[in-house]
There are 2 protein chains.
Amino acid sequence: MEKYISLAHGDGGELSHRLIKDVFIESFGDGDSALFDAASVDIPVGRIAVTTDSFVIKPIFFPGGSIGKLAVAGTINDLAVSGAKPVYLTCGFVIEEGFPILDLKKIVHDMANEAKKTGVSIIAGDTKVVERGSADGVYINTTGIGIYELNKGCSLEFEEGDAILVSGTIGDHGVAVLGARGELGITVPINSDCASLNRMLAEVLEHTNGVRIMRDPTRGGLATTLVEIAEDFQVTMKINELDLPVREEVHGVCDLLGFDPLYLANEGKAIIIVAQQEKEKVLDILREYPEGKDAVVIGSIVGKEKGHLLLETPLGSKRLLTRLSGTMFPRIC
Amino acid sequence: MEKYISLAHGDGGELSHRLIKDVFIESFGDGDSALFDAASVDIPVGRIAVTTDSFVIKPIFFPGGSIGKLAVAGTINDLAVSGAKPVYLTCGFVIEEGFPILDLKKIVHDMANEAKKTGVSIIAGDTKVVERGSADGVYINTTGIGIYELNKGCSLEFEEGDAILVSGTIGDHGVAVLGARGELGITVPINSDCASLNRMLAEVLEHTNGVRIMRDPTRGGLATTLVEIAEDFQVTMKINELDLPVREEVHGVCDLLGFDPLYLANEGKAIIIVAQQEKEKVLDILREYPEGKDAVVIGSIVGKEKGHLLLETPLGSKRLLTRLSGTMFPRIC
């Protein structure tokens with residue numbers, strides 16, 4: 001087999017056919033469904049969740065993951081926070097001419113692995129090749145389909161006093177990826193938190209009551225995601241700076257370089273807002289999972305109708321937080 | 001609003017938020033579903049069809065269409081040929097820094113237009129921005145979900161004598177796009193055939209019997225698609241060179257430049273293989289539609305178990321056709 005992707009791998013002819021067979025079917029299998037064509041699959045319930053995401057992360061391999069693992073986990077998490085059980089994934093590749101086929105195999109292997117671990121099937125795919133200089137290695141789109149297995153979802157209704165939880169330390173992914181790019185000028189001993197959260201979040205939904213909303217704070221970080229919730233549902237939130245779980249190493253990098261962990265991307269964390277009296281039960285469940293062992297309460301809903309996010313500093317003053325504005329870091333996911 | 005896409009449009013913060021509002025929701029609407037997040041939609045219990053496709057066509061605007069129209073029609077056709085009724089689409093954009101926002105609006109408008117015409121809803125989306133030089137304008141992934149409304153599908157079982165039909169002239173898209181790139185050194189007065197075929201193909205399935213298979217001969221052209229069918233189902237096919245519908249202008253370009261219309265891409269054509277006695281009924285239905293007015297029979301199944309595609313030339317000799325091999329034309333879709 002060739003060592004590098006050529007334009008002919010994308011023209012739908014003989015080489016495309018072999019690439020699909022040797023790289024994709026080799027890892028994904030071709031099970032019941034015609035991989036790389038329209039797949040026909042069963043849906044047991046009348047409502048589905050659908051989400052799509054393109055991944056352009058640089059570098060494609062980073063401490064704690066790869067674009068392949070991320071492309072699966074990222075889309076699975078979008079389904080999981082919506083209260084759906086992820087069941088099917090599609091993947092679309094745009095590959096630059098000259099890309100090493102061994103790297104493509106590693107990426108596809110990571111995807112297959114993460115899909116298997118989380119119980120989703122990759123049912124359809126597509127590969128396009130563009131000329132050298134028209135992409136940067138490989139970009140992957142994944143689209144996920146989930147089903148609502150539980151009769152319980154997030155209420156999307158909030159009350160004063162509701163607790164705001166985060167399932168672990170923030171900013172790990174952002175710092176790990178920037179470190180891997182060599183742009184920081186320092187070595188960063190941090191792994192990305194890239195992980196699929198579907199089983200953990202399904203257990204939270206199933207075994208507790210009063211979950212208002214779940215979200216994954218990826219691009220834009222924790223602050224941007226909370227601002228979106230505050231604005232969408234017209235509630236005012238207060239979070240406490242001292243309660244934010246931030247790794248020492250992430251703190252160090254942020255202090256040194258002027259970043260704010262509140263705006264750094266996460267790829268294996270969930271925000272959960274839940275009725276005050278249920279917060280301990282949710283924390284107990286989260287902490288049973290490796291991905292949730294550092295879960296904590298970081299604040300609460302303090303009012304309605306304003307749509308604001310307030311940060312209480314260690315000195316007791318309150319700062320109004322806004323969405324991320326201006327690029328901090330392109331191609332973080 | 002800004003005139004050009006900047007990296008900050010892709011970071012998930014304030015500018016991403018405004019881009020989604022001003023460009024995407026403006027055209028697609030935000031209906032029932034949270035556009036640009038996981039959407040929750042109704043589906044009849046049972047079986048669904050799922051397909052995904054990335055579009056990297058160059059140029060992004062071409063005679064007869066744009067990457068936007070193509071990204072919708074292409075995925076709709078993949079569902080339609082599988083016998084499903086397309087109902088939902090997702091879209092994922094990878095945009096190069098510096099891309100004109102007016103062009104993005106035109107593309108999104110074309111997508112909304114084509115979706116409306118064909119009766120599908122665009123329910124989820126995603127936008128990523130990469131640095132100047134890391135993409136060529138814009139790449140779009142669309143993933144389509146279809147339902148099986150009819151109790152009738154393609155039998156995927158073949159008999160000797162089954163007729164092979166094509167719904168119109170071949171090679172129009174390939175020649176139009178190459179012409180638009182200015183690579184041919186000549187002016188080509190041809191429009192791409194880019195069109196959604198879902199209504200026409202649904203009527204064929206509904207009102208006739210004995211449809212064996214339907215496929216859309218895109219990348220790789222008519223010959224590659226027929227070879228795939230021949231190999232997958234172990235049937236031998238014969239098509240007649242004199243019966244192939246090829247526009248005079250396409251013939252002209254092919255003769256001049258040494259292309260073979262059998263291997264040129266189509267984006268609004270279907271191959272239908274149907275029981276011999278039903279072929280006239282199918283032709284009658286196809287010809288009622290503007291996209292099917294040039295439909296003809298081009299050959300038949302002549303044997304089983306061989307997996308070959310034969311071309312009968314005007315002199316009566318037979319040539320074995322293979323898949324497209326080696327790149328003819330990158331980025332044709």
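1. Chain B and chain A share 37 residue pairs in polar contact, both residues being at pLDDT 80 or more. A polar contact is a pair of N or O atoms within 3.5 Å; within protein, one must be able to donate a hydrogen and the other to accept it, and residues adjacent in sequence count only if both atoms are side-chain atoms. The side of chain B that touches chain A draws two or more residues from each of α1 (14-28), β1 (39-42), β2 (46-55), β5 (85-96), β6 (121-130), β7 (138-147) and α6 (221-233) of chain B. Helices (H or I, at least four residues) and strands (E, at least two) are DSSP runs, numbered from the N terminus. The largest share of this side, 9 residues, is given by β2(B).

2. This is a predicted model, in which local features need pLDDT of at least 70 and side-chain atom pairs count only at pLDDT 80 or more, while totals for chains, interfaces and linings use all residues. Residues are numbered from 1 along each chain as its sequence is written, chains are lettered from A in the order in which they are written, and side-chain values use heavy atoms, with hydrogens and water left out.

3. How many residues does each chain bring to the contact? Chain B brings 66 residues and chain A 67 residues, where contact means heavy atoms within 4.5 Å. The area buried between the two chains is about 5300 Å², and carbon and sulfur atoms give 51% of that area. Buried area is the accessible area (1.4 Å probe) that two parts lose on being put together, summed over both.

4. There are 12 salt bridges between chain B and chain A, a salt bridge being a side-chain nitrogen of Lys or Arg within 4 Å of a carboxyl oxygen of Asp or Glu. One of them joins Arg331(B) to Glu131(A), with the closest N and O atoms 2.9 Å apart.

5. Strands also pair across the contact: β2 (residues 47-55) of chain A and β1(B) run antiparallel and are joined by 4 bridges. Two strands pair if DSSP finds at least two bridges between them. Val50(A) has Ala39(B) as its bridge partner in β1(B).

6. A rotation of 180 degrees, with 0.0 Å of shift along its axis, superposes chain B on chain A with an RMSD of 0.2 Å. The two copies are therefore related as by a two-fold rotation axis. In chain B, the C-alpha nearest the axis belongs to Val45(B), 1.1 Å from it. Copies are superposed by least squares on the C-alpha atoms of residues with pLDDT of at least 70 in both.

7. Some backbone details deserve a check. The peptide bond between Lys58(A) and Pro59(A) is cis, with omega about 0 degrees, and Pro59(A) sits in the loop between β2 and β3 (61-62) of chain A.
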